[in-house]
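Subject: Structure for you to look at

Hello,

Please find the structure below. My notes on what was found in it follow.

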Amino acid sequence: MKRHTLLAAILTMAATTLNADVIAPSDVVMNEYGDISESLTGEGGNPERGIEVMTDRGLGNCIACHQVTALEEFQFHGEVGPSLDGVGSRWDAAALRGIVVNAKNAFPDSVMPSFYRVDGFIRPGDGYTGRAIEGPISPILSAQDVEDIVAYLQTLTD
Amino acid sequence: MVTIKKNRLGLMGGAAVAALAFAGTAMADIGDNESLVVNGEIEMVIETDPPEHLQGVFDRIYSGWVFRSDETQAMQADDFENPGMIFADQAREAFDTVMGSEGNSCATCHENPESLADVRSTYPVWDEEHGTVQTVELQVNECMTERMGAEPYGYDSQEMRNMSALISSVGRGRIINVAMDGPAQETWEQGREIYYTRYGLLELSCANCHEQNYGNNIRADHLSQGQINAFPAYRLRNAQLNSVHGRFRGCIRDTRAETFAVGSPEFVALELYVATRGNGLTVEGPSIRN
């Protein structure tokens, strides 16, 4: 598996829009448990950048709901979801990718949002403006964001 | 289930439950050993048994006051510390001021604000004459336009929030008893539908946060049951009174959804429904929130 690090981080935006290998939200293939075995970018993610996506309020904001001991330097971890400590030992990459893409496949009716989905929403809004979204809906996270998170979650082993 | 009793007594016993890790929704310790008595005389019901329609959903219902920090709680216990009361007092002046073409003030028909002490605890309420559910704000505007010949206040305007604070303040301590049956039932059901709908890109319903997760932190916020008995609320964050519909709009916006408008039929229905989730608590507005 190739792993661009710094360069990948810088080129994220360009990569997700230009890279023909990126799997679009509507083309994602998952098995009956919601696992997604293929990387959404065709490449491995960058765990360092995964930290940024997990903690940034405008991106994944995962710690709004999840406690992660390794991310203690970032303030205010939520209690809505389970702690993600050791999650890389509980799930493999395909399962983790499936949970981040659409947690409702693994956990029916889960409170957890679907981060790589573009349809089925009720009154979708334009960011945090409270106004209706105009034009096509982009997923909350890009394919690269998801891969970077998956790469980071795999480092959270017991 | 974790049950850790807080050992400090009384008002300053505080809602410092944030540090506890809860599994599931039922939390026996929230609110234990706490009481809210405003100005040393108005006793509030800050927790009680749920109304019939929520039995099986909640073991107990709690005022949002329970979930706030000791400092914020203390501010609400004393009108001299409560900035919301300044706005209520401003509305006292408006109450006595002649507005509109008919030469009337609110006081022409209602003598004084205290004569409206039973309003907040029973609204929203079915209005026979108009065949619709009315909030306090809609009722105020009905008086302004139909009885005083005045321009209506903006639904979420400063004047309206002040007047709403005044009408709440004179009803403080009364037990909320909002009707959900009879002609209001259809609107109530519409409100319930909205409450359980998962809006926006984050697909979160009111219930996801305030029913399934009260007592838990979501990032830096300590989730309450989302009750409206304490509105309008003076928020330290924006240093002004916040209306019920303003709060609804903020919560829905935070799910990355297109919100409903303040004063819209959807928010009136939602207000009716949420109000009945608090039947049994007491009127607390204007309250203090972070």
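This is a predicted model: local features need pLDDT of at least 70, side-chain atom pairs count only at pLDDT 80 or more; totals for chains, interfaces and linings use all residues.

Arg92(B) has a salt-bridge partner, Asp89(B), with N and O 3.9 Å apart. Asp89(B) is likewise partly exposed, because its relative accessibility is 42%. Both residues belong to helix 2 of chain B and are three residues apart, about one turn of the helix. In general, an α-helix has 3.6 residues a turn, so residues three or four places apart point the same way.

Other salt bridges

Over all chains, the structure holds 18 salt bridges. One of them joins Glu203(B) to Lys104(A), and the closest N and O atoms there are 2.9 Å apart. This pair crosses between chains: Glu203(B) is in the loop between helix 6 and helix 7 (206-210) of chain B, while Lys104(A) is in helix 6 of chain A. Glu203(B) counts as buried because its relative accessibility is 9%. Lys104(A) has a relative accessible area of 19%, so it is buried as well, the limit being under 20%.

Asp79(B) and Arg172(B) form another salt bridge, again with 2.9 Å between the closest N and O atoms. Here the pair links distant parts of the chain, 93 residues apart. Asp79(B) sits in the loop between helix 1 (70-76) and helix 2 (84-95) of chain B, and Arg172(B) in the loop between helix 5 (158-169) and helix 6 of chain B. Both Asp79(B) and Arg172(B) are buried.

In chain A, a network of salt bridges links Arg49(A), Asp145(A) and Asp148(A).

A buried helix in chain A

Helix 5 of chain A covers residues 93-101, and nine of the nine are buried, so the helix is largely enclosed by the rest of the structure. Among the buried residues are Leu96(A), Ile99(A) and Val100(A), and also Arg97(A). The cover over these buried residues includes helix 4 (87-90), helix 6 (103-106) and helix 7 (143-153) of chain A.

Two crossing helices in chain B

Helix 6 (residues 185-195) and helix 9 (residues 265-277) of chain B have axes that come within 7 Å and cross at roughly 90°. The two helices are therefore roughly perpendicular. Residues of helix 6 in this contact include Trp188(B), Ile194(B) and Tyr195(B), and those of helix 9 include Leu270(B), Leu272(B) and Tyr273(B). By type, the residues of the contact divide into eight nonpolar, four polar and three charged.

A sheet in chain B

Chain B also has an open sheet of three strands, in the order 10-9-11, with mixed pairing. Strand 10 (240-242) and strand 11 (287-289) stand at the edges with a single partner strand each, so one side of each has no neighbour in the sheet. From one strand to the next, the twist averages 40°. Strand 9 (residues 233-235) and strand 11 of chain B run parallel and are joined by three bridges. Within this pair, Tyr234(B) stands opposite Ile288(B).

Regards

Terms used:
Residues are numbered from 1 along each chain as its sequence is written. Chains are lettered from A and ligands numbered from 1 in the order in which they are written. Side-chain values use heavy atoms; hydrogens and water are left out. Two strands pair if DSSP finds at least two bridges between them. Helices (H or I, at least four residues) and strands (E, at least two) are DSSP runs, numbered from the N terminus. Axes are lines fitted to C-alpha atoms, for helices over the stretch in contact, and angles run from 0 to 180 degrees between N-to-C directions. Angles under 35 degrees count as roughly parallel, over 145 as roughly antiparallel, 65 to 115 as roughly perpendicular and the rest as oblique. Contact means heavy atoms within 4.5 Å. Ala, Val, Leu, Ile, Met, Phe, Trp, Tyr, Cys and Pro count as nonpolar, Asp, Glu, Lys and Arg as charged, and the others, Gly among them, as polar. Buried means under 20% relative accessible area, exposed over 50%, partly exposed in between (1.4 Å probe, protein chains only). A salt bridge is a side-chain nitrogen of Lys or Arg within 4 Å of a carboxyl oxygen of Asp or Glu.
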